[in-house]
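This report sets out the architecture, packing and local backbone features of a single protein chain. Please read it alongside the sequence and the structure shown below.

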Amino acid sequence: MLRNQLSAAVRNAAEKLGYTFFEGFGYRMNEKNIDFPAAWWCPPKIRSVRGRNEGIVVYRVELVLMSANRKYDEVAKNQMWDEMEEHALRICSDIINDQGVFCTENITLTPAECSLTRQGELSLKAEFDVKMSFIYV
């Protein structure tokens with residue numbers, strides 16, 4: 001249930017920034033026709049859980065932002081990565097207080113120019129921890 005809430009929060013934040021949202025394991029990116037700009041949500045991993053019936057769960061999230069590669073020169077590539085970095089940070093910020101998310105931390109952003117799909121693209125992998133509260137009655 002928390003996984004779905006987290007996915008919905010990230011989807012909403014990414015779509016507000018104009019990204020087409022996709023979900024699935026990373027190795028499946030090549031199986032879909034992707035409309036750019038795109039955000040690919042990989043299933044999150046639970047890093048830790050504190051509490052039994054109520055507490056905090058920490059998810060490790062991997063989100064890949066992608067933009068069509070128009071054979072950019074180095075300056076244009078860096079400008080696209082700067083924009084995607086800004087968007088990734090905004091997504092991390094926008095999901096706080098949405099769907100039980102109260103903290104994002106340990107953010108890592110990695111740009112890449114190697115294509116992850118058969119369509120060719122520039123990408124930025126955003127990895128971050130999300131703390132969510134839960135109560136089971």
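## Helices and sheet

Which strands does helix H1 (residues 2-16) lie across? In this predicted model, helix H1 lies across S1, S2, S3, S4 and strand S5 (121-135). The direction of H1 makes an angle of about 155° with S1. Helix H2, formed by residues 74-94, lies across S3, S4 and S5, and runs at about 10° to S5.

The strands form an open sheet of five, in the order S1-S2-S3-S5-S4 and with mixed pairing. The edges are taken by strand S1 (20-23) and strand S4 (101-112); each has a single partner strand, so one side of each lacks a neighbour in the sheet. On average, and with direction ignored, neighbouring strands of this sheet are turned by 25° against each other.

Strands of a sheet pair through backbone hydrogen bonds, in either a parallel or an antiparallel manner. The pairing of strand S2 (residues 38-50) with strand S3 (residues 54-68) is antiparallel and extends over ten bridges. Within it, Cys 42 has Glu 62 in S3 as its bridge partner.

## Nonpolar cores

The largest nonpolar core comprises 33 residues, and those with the most contacts inside it are Leu 6, Ile 91 and Ile 95. Two or more residues of this core come from each of H1, S2, S3, H2 and S5. Apart from it lies another core, of eight residues, including Ala 38, Trp 40, Cys 42 and Met 66.

What does Ile 91 contact, leaving aside its neighbours within four places in sequence? The residues in contact with Ile 91 are Val 10, Ala 13, Ala 14, Leu 17, Leu 63 and Leu 65.

## Aromatic pairs

Two aromatic pairs are counted. Phe 22 and Trp 40 form a stacked pair, with 6.0 Å centre to centre and 15° between the planes. Phe 22 belongs to strand S1 and Trp 40 to strand S2, so the pair ties together parts that are 18 residues apart in sequence. Both Phe 22 and Trp 40 are buried.

Phe 25 and Tyr 27 likewise form a stacked aromatic pair, with a centre-to-centre distance of 6.0 Å and 15° between the planes. Is each of these residues buried or exposed? Phe 25 is partly exposed, because its relative accessibility of 46% falls between the limits of 20% and 50%. Tyr 27 has a relative accessible area of 58% and is exposed, because this value is over 50%.

## Local backbone features

Most residues other than glycine have a negative phi, and most peptide bonds are trans. The peptide bond from Phe 36 to Pro 37 is cis, with omega near -5°. Pro 37 is placed in the loop between S1 and S2.

Asn 106, a residue of strand S4, has a positive phi, near 55°. Its relative accessibility is 46%, and Asn 106 therefore counts as partly exposed.

With a relative accessible area of 38%, Pro 111 is partly exposed.

Which residues does Pro 111 touch, not counting residues up to four places away in sequence? Pro 111 touches Trp 81, Ser 123 and Leu 124. Pro 111 and Asn 78 are separated by 33 residues in sequence and by 9.1 Å in space, C-alpha to C-alpha.

Terms used: Residues numbered from 1 in each chain as written. Predicted model: local features only at pLDDT ≥ 70, side-chain atom pairs only at ≥ 80, totals over all residues. Heavy atoms only, no water. Pairing = 2+ DSSP bridges. Helix = DSSP H or I, 4+ residues; strand = E, 2+ residues; numbered from the N terminus. Axes fitted to C-alpha atoms, helices over the stretch in contact; angles between N-to-C directions. Contact = heavy atoms within 4.5 Å. Buried < 20%, exposed > 50% of the residue type's maximum accessible area, 1.4 Å probe, protein only. Core = buried A, V, L, I, M, F, W, Y, C linked by side-chain atoms within 4.5 Å. Phe/Tyr/Trp six-rings, centres within 6.5 Å; stacked < 30°, edge-to-face > 60°.
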